[in-house]
Every structure is written in structure tokens, then in C-alpha cells.
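Dear colleague,

Please find the structure below, handed over for your reference. My notes on what was found in it follow directly after.

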Amino acid sequence: MSKVSSKDLGTQPIGKLLIKQAVPASIGILVMSLNILVDTIFVGQWIGSVAIAAINVVLPVSFFIAALGMSIGVGGSSIISRALGANDSTKALKVFGNQITLTLLFTIILIIPGLAFVDTIIPVFGGKGSIFEPAKIYYTIVLYGIPFLALCMMGNTVIRAEGKPKFAMYAMMIPSVGNLVLDYVFINVFDFGMAGAAWASTGSYLLCFLFLIWYFLSKNSELKLTNCYFKLRLPIIQEIGSLGFVTLSRQAVVSVTYLFMNNILFDLGGETSVTAYAIVGRMLMFALFPVFGITQGFLPIAGFNYGAQHYQRVRLTIATALKYAMVLGTLVFVVLMIFPEEITRLFTTDADVLNETPSAMRWVFAATPIIAVQLIGAAYFQAVGKAIPALLLTLTRQGFFFIPLIFILPKFYGELGVWMSFPISDVLSTLVTALFLHREVKLKLLPQEN
């Protein structure tokens with residue numbers, strides 16, 4: 001196989017290039033999502049349905065801290081893609097070094113209060129009643145592995161910015177497979193219960209971290225760091241921060257959404273409703289993997305060609321990504337509308353959960369065919385370094401529409417109002433994103449090459 005270079009992002013045909021970037025990304029996301037899915041099935045079958053709810057309570061806290069790494073990674077990788085497109089390798093190296101330093105600093109600083117106030121944090125996020133104790137066990141252990149997870153999420157985006165999607169795929173597959181193996185050993189063989197599930201997750205983060213160290217020290221990476229690049233530089237921090245804040249804001253809103261949803265659903269339907277939301281949430285991560293893969297593949301292509309001022313290629317990349325993602329979203333929609341009962345049975349045998357989850361799943365995925373517009377639209381503005389519209393579009397769905405709806409609609413429709421909020425917010429945010437993207441393509445991305 002010939003050596004892959006970042007320069008390919010500016011020369012190969014867009015359709016072929018998008019598939020080349022998106023397929024490994026989709027496979028990586030698929031394996032990662034399968035890991036989350038099977039992990040939830042193992043926990044539900046071997047520990048119990050309350051354990052599923054417990055993990056769902058912990059996820060927004062641990063992933064918000066880890067999302068600092070993703071935010072720094074996405075913000076910095078946007079700069080790296082454009083720097084490589086403009087042949088500025090020195091800037092790319094400085095950005096990468098600063099990404100590593102920032103990720104370590106922020107995650108370690110946040111973990112300390114996260115462990116100190118565990119008894120306060122868990123109930124706030126819905127860990128009440130019988131959910132509290134297993135959630136505390138899982139949370140405490142997983143938090144020790146969060147710095148490794150944050151570095152993995154940061155490093156994965158950098159690998160993709162270099163135009164090396166296969167290695168990014170491996171970085172997602174290794175911890176996913178490792179987690180499933182460790183799950184089986186720690187939960188089923190040694191009967192460690194929730195502690196076993198937590199140590200399996202932490203061990204998988206370490207495996208991913210070790211792989212990333214190997215990659216960046218090997219000849220496969222174009223980014224060869226020396227000590228001088230780790231020194232923080234204010235202009236670079238500001239540029240990373242302005243773009244990374246978009247991703248961090250999205251994850252913050254996701255965490256706040258989990259907080260509200262777990263508490264609202266607990267008040268409306270108890271542990272059963274929280275468990276139903278946990279199952280639907282896992283399906284959101286899993287079922288949309290091909291659409292997320294297209295979005296991941298789109299980012300470095302758009303960023304590189306925008307940096308190289310190949311605006312016609314950027315236009316074509318947007319159109320191609322939208323077409324592919326909408327087709328895949330429609331296929332996902334059809335499957336989930338037909339088989340929600342069968343999917344729910346994979347997770348639990350609890351009769352109450354089996355009765356509630358299929359209907360919720362249909363509501364949550366009702367607008368799936370059009371979500372590609374949201375994802376590609378917000379990703380475009382982030383890829384080309386336009387932080388303000390990227391931030392606004394990122395916050396539109398959950399921050400501006402979804403969160404208000406889950407407080408308003410239940411007053412009229414009860415628990416059904418919570419599930420109805422998903423498709424309504426999807427439609428409204430898609431319309432807003434479409435308007436922003438259409439204006440950008442018509443006014444900024446002129447057809448001629450500069």
C-alpha cells in the first residue's frame with residue numbers, strides 16, 4: 001500500500017476521498033458504538049437493569065471531562081488541517097504540542113474536585129434511590145482513567161487531520177475490543193460487578209493511549225515533536241480555544257441535557273424511565289455510526305481545501321457529504337421504526353422497560369433522515385475556522401430547542417412530551433442550519449478557484 005499523505009486531501013476526487021476518509025471513521029465509530037452497546041447488554045444481563053441506569057448517570061460527568069480532550073483535539077486539528085493545506089508544518093507542530101499540554105492540565109485539574117464531591121455530583125445527575133450506589137462505584141473508578149481517554153480523543157482527531165483515517169480507526173477499535181474482553185473477564189468470570197465494568201472501561205482507555213504513543217513516535221505520523229513545541233503559546237491557545245469551545249459547549253449541553261433528562265424521567269417514571277432513556281441513548285450512539293463517520297471524514301477534507309483556497313472542492317465536499325449522510329440516515333430510520341421491540345430485548349428482560357422503550361425509540365429517531373444537515377452544517381463552520389456560527393449551530397438543537405421543550409411539553413403530554421421533544425428539536429435545528437449553510441455556500445464559497 002502506498003504511503004498516505006495529507007496532500008491527498010487536496011488532489012484526489014471528492015467522492016473517492018470522502019469514502020476513503022469516512023469508511024475507516026465509520027468502522028471505528030461502529031466498533032466503539034458496539035463496545036458501548038455490548039457493554040450495556042453485559043451490564044444489563046449480568047448485573048441488572050438498574051446498573052444500566054447507573055452508567056447512564058455517570059456518562060455525562062466523565063465524558064464532559066474527557067470532552068476537554070476532544071474539544072482541544074477538534075479545535076487544534078482544524079488549525080492543523082489548514083496549516084498542512086498551506087504548507088505550514090511548523091505551525092502544525094506547535095499546535096499539536098500545545099494540544100497535549102492543555103489536555104493534561106485541564107483534565108487533571110477537573111478530576112480532583114470530581115472525586116472530592118462524588119456524593120454530591122451523582123444525585124444531581126439523577127443517581128437517586130437504588131441507582132446511587134452502583135453509580136458511585138462506577139464513577140469513582142472510571143474517573144481515574146479519564147486523562148487517558150481525553151488524550152485518546154484529542155490524538156484521534158489529530159491523526160485524522162493528517163489524513164490517516166485507518167490509524168484513527170485502529171485507535172477507536174483497540175480500546176473497544178479491549179473493553180469487551182475485560183468486561184467478560186471482570187464481570188462474568190471474576191464477578192466484580194459494577195467495579196468490574198468500571199475497571200474494564202479504564203483499562204481500555206489505557207490501551208488506546210499506548211497505541212497513540214506508538215503511532216506518533218513511528219514513521220507513520222508527519223508530526224514529530226520536540227520539547228520546544230510543548231510550551232504553551234497564547235495565540236495558539238486562543239485559536240484552539242475559540243474553535244474547541246464549540247465542541248466543549250456541545251458536550252456541556254449534552255451533559256446538562258442528561259442531568260435534566262435523568263431527573264425529569266425519574267420524577268415521571270422512576271428507574272424504568274431512566275433505564276429506557278439509557279437504552280435509547282446507546283442506540284443514538286450506535287445506530288448513527290455511518291452518519292457520524294461521514295461527518296468525521298468530511299472535516300479534514302473541508303479544512304484542508306479551505307486552507308488551500310480550493311473553494312470549489314469545498315462546495316463539492318459539502319454536497320457529497322450531505323447526499324451520502326442523508327441516504328444512510330434514511331436507512332437507519334427504516335430499521336429502527338420496524339424493529340424497536342427486538343432491539344430492546346437485547347438489553348433487558350425487565351417487563352416494564354420492555355413495554356416503555358420501543359415507543360420512546362420511535363419518537364427519538366423520527367427525524368433521523370434529515371439530521372445530516374445539522375451535523376455537516378455545524379462541522380463545516382468548525383472545519384474552516386468560523387467559531388461563532390459553528391458554536392451557534394452546535395447549540396441550536398439541544399440548547400435553544402430541546403432543553404426548553406423537555407420542560408414545556410411534559411406539562412401537557414406527560415412523559416410522552418419528553419420523547420416528542422427529540423424530533424421537534426431536530427426539525428427546527430435542521431431548518432436553522434440549512435439557512436446558515438446555504439448562505440455560506442452562495443456568498444463565501446464562490447465556484448471559481450482562487
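**Findings**

Aspartate 191 is exposed, with a relative accessible area of 62%; exposed means over 50% relative accessible area, buried under 20% and partly exposed in between, for a 1.4 Å probe and protein chains only. This residue is in the loop between helix 7 (165–189) and helix 8, where helices are DSSP runs of H or I with at least four residues, numbered from the N terminus. Aspartate 191 has a positive phi of about 55°, although it is not a glycine. Most residues other than glycine have a negative phi.

Please note that this is a predicted model, in which local features need pLDDT of at least 70 and side-chain atom pairs count only at pLDDT 80 or more, while totals for chains, interfaces and linings use all residues. Residues are numbered from 1 along each chain as its sequence is written, and side-chain values use heavy atoms, with hydrogens and water left out.

Asparagine 87 also is not a glycine, yet has a positive phi, of about 60°. Its place is the loop between helix 2 (49–85) and helix 3, and asparagine 87 is exposed, with a relative accessible area of 61%.

Helix 3 packs against helix 6 (residues 146–161) at an angle of about 155°, with the axes 9 Å apart; the axes are lines fitted to C-alpha atoms over the stretch in contact, and angles run from 0 to 180 degrees between N-to-C directions. Helix 3 is therefore roughly antiparallel to helix 6, a term for angles over 145 degrees. The contact (heavy atoms within 4.5 Å) involves residues including Phe96, Ile100 and Leu104 of helix 3 and Ile146, Leu151 and Met154 of helix 6.

Turning to the aromatic rings, the count comes to 17 aromatic pairs. Rings of Phe, Tyr and Trp (its six-membered ring) pair if their centres lie within 6.5 Å; planes under 30 degrees apart count as stacked, over 60 as edge-to-face and the rest as tilted. Phenylalanine 96 and phenylalanine 216 form a tilted pair, 4.6 Å centre to centre with 40° between the planes. The pair links distant parts of the chain, 120 residues apart: phenylalanine 96 is in helix 3 (residues 89–116) and phenylalanine 216 in helix 8 (residues 193–217). Both phenylalanine 96 and phenylalanine 216 are buried.

Yours sincerely

Terms used:
Helix = DSSP H or I, 4+ residues; strand = E, 2+ residues; numbered from the N terminus. Parallel < 35°, antiparallel > 145°, perpendicular 65-115°, else oblique.
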